[in-house]
Amino acid sequence: MYNPVKVDLAAVKAEIASAEKSAGWAPTLWFETTKDDPGLGPTAEALEAGAIMVIAAGGDGTVRAVAEAMYDSDASLALLPSVTGNLLARNLNLPLDDLASSARTAFAGLDRRIDLPLIDIRRDDQSISRHAYLVMAGLGLDATMLANTNDAAKDKVGWLAYVGALGGAMLDQNQLHLHYNVDGTGNRSVHAHTIIIGNCGSLPGNVLLLPDAAIDDEMFEMVLLRPRGLVGWVQITTKILWENGLLRRTEVGRKFMGLAKEVRALRYIKGREVVLRLERPHEIELDGDTFGSALALKIWIEPGALTVRVPVPGSPS
């Protein structure tokens, strides 16, 4: 399953041919995604043709669409990371720039079961659409930032393209006014600048946004960003870049974590299901792609619902 805009098709075909021959597999079937269909239809077609493994060659949008189509199937998903974020591959610790290694993993690797978050998005016309995502869903800052990011710039320079949109998003004074209920524990009201609900927590640039999110623990981690002016943004930056990004990664650093104080500007919550209602529609993003405006949403975890291909331990990368 390949995105012709994102991949060097000749290079991909050469590596796939070599890997499938070495592993003794039959010839691979090739399906092309389009702007109107980033992978749902082609993946369904591949599964109907009897595919037992689907290789996603493209960006995060291609991977997300393929995974959504594979929900409730017995096939496994293999990744050929390409361009911008490669968020699922990053969180699985897969090589991001080694096409040959990724192809070998597809045909000679192991199956690993991971959780799959599903989301029902209610629009302001009361229509509901259901989707899957793999890494993060966001309302507020990140969705605004993505909506303001030029697609051509994103294709050219990847995640650096978001920097220009970030400043404008941080200056946005339109807060989210919402009610949320995690695992049926009761409704809570909150005003927040940003809400992100993730199945795993690593972003490009070694940024660990959700430190306790795990791809196979049957739970999501939700973070509420509630800064009050510049001081609040400094607190958030310190928590994410210093504490999550540096201290948590070493034994000595984790000892200092016990001395760190919780701050109002940032709150983490773990759960298996969340229902969230907004006072007015806001932009929502899934794995880095905008999905329009949401008035309410429900997110839940389907444990072990997706099988991905990972390298054999000790195999060459």
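A residue counts as buried at under 20% relative accessible area, as exposed at over 50%, and as partly exposed in between, with a 1.4 Å probe and protein chains only. The model shown is predicted: local features need pLDDT of at least 70 and side-chain atom pairs count only at pLDDT 80 or more, whereas totals for chains, interfaces and linings use all residues. Residues are numbered from 1 along each chain as its sequence is written, and side-chain values use heavy atoms, with hydrogens and water left out.

**View 1**
In a salt bridge, a side-chain nitrogen of Lys or Arg lies within 4 Å of a carboxyl oxygen of Asp or Glu. D217 belongs to the loop between β10 and β11, and K270 to strand β12 (residues 266-271), so the pair ties together parts that are 53 residues apart in sequence. Strands (E, at least two residues) and helices (H or I, at least four residues) are DSSP runs, numbered from the N terminus. D217 is partly exposed, its relative accessible area being 26%. K270 is also partly exposed, at 30%.

**View 2. Salt bridge between D216 and R112.**
The side chains of D216 and R112 form a salt bridge with an N to O distance of 3.1 Å. Because D216 is in the loop between β10 (207-208) and β11 (220-225) while R112 is in strand β3 (residues 110-122), the pair joins parts that are 104 residues apart in sequence. D216 has a relative accessibility of 41% and counts as partly exposed. R112 is partly exposed as well, with a relative accessible area of 28%.

A salt bridge links the side chains of E68 and R64 (2.5 Å, N to O). Both residues lie in helix α3, four residues apart, which is about one turn of the helix. E68 and R64 are both buried. T62 also has its place in helix α3. At 4% relative accessibility, T62 counts as buried. With neighbours within four places in sequence left aside, T62 is in contact (heavy atoms within 4.5 Å) with M1, N3, T33, P38 and A57.

Rolling a probe the size of a water molecule over the atoms shows where empty space is left. A cavity is a set of points, on a 1 Å grid over the protein atoms alone, where a 1.4 Å probe fits but cannot get out; its lining residues have an atom within 4 Å of a point. Grid points are joined across faces, edges and corners, and a volume is the space filled by probe spheres set on the points. The structure holds two cavities of 30 Å³ or more. Two or more lining residues come from each of α3 (60-70), β2 (76-81) and α4 (87-91). The lining of this cavity comprises eight nonpolar, two polar and three charged residues. Here Ala, Val, Leu, Ile, Met, Phe, Trp, Tyr, Cys and Pro count as nonpolar, Asp, Glu, Lys and Arg as charged, and the others, Gly among them, as polar.

**View 3. The second largest cavity.**
The second largest cavity holds about 60 Å³ of space. Its lining consists of A78, L79, P81, L94, P95, S102, T105, A106 and R309. The elements β2 and α5 (99-108) give two or more residues to this lining. By class, six of the lining residues are nonpolar, two are polar and one is charged.

**View 4. The nonpolar cores and L306.**
A nonpolar core is a set of buried Ala, Val, Leu, Ile, Met, Phe, Trp, Tyr and Cys residues joined through side-chain atoms within 4.5 Å. The largest has 46 residues, and L77, L79, L88, L92, L134 and L306 have the most contacts inside it. At least two residues of this core are supplied by each of β1 (53-58), α3, β2, α4, β3, β11, α9 and β14 (289-310). Its largest share, five residues, comes from β14. Beyond its neighbours within four places in sequence, L306 is in contact with A67, M70, L77, R112, R113, I114, L116 and L134. Another core, of 27 residues, lies apart from the largest one and includes I121, L178, V190 and A192.

**View 5. W233 in helix α9.**
W233 lies in helix α9 (residues 229-244). With a relative accessible area of 14%, W233 is buried. W233 and A265 are separated by 32 residues in sequence and by 7.6 Å in space, C-alpha to C-alpha.

Methods. On a 1 Å grid over the protein atoms alone, a cavity is a set of points where a 1.4 Å probe fits but cannot get out, and a pocket is an open set with protein on both sides within 12 Å along at least five of seven lines; lining residues have an atom within 4 Å of a point.
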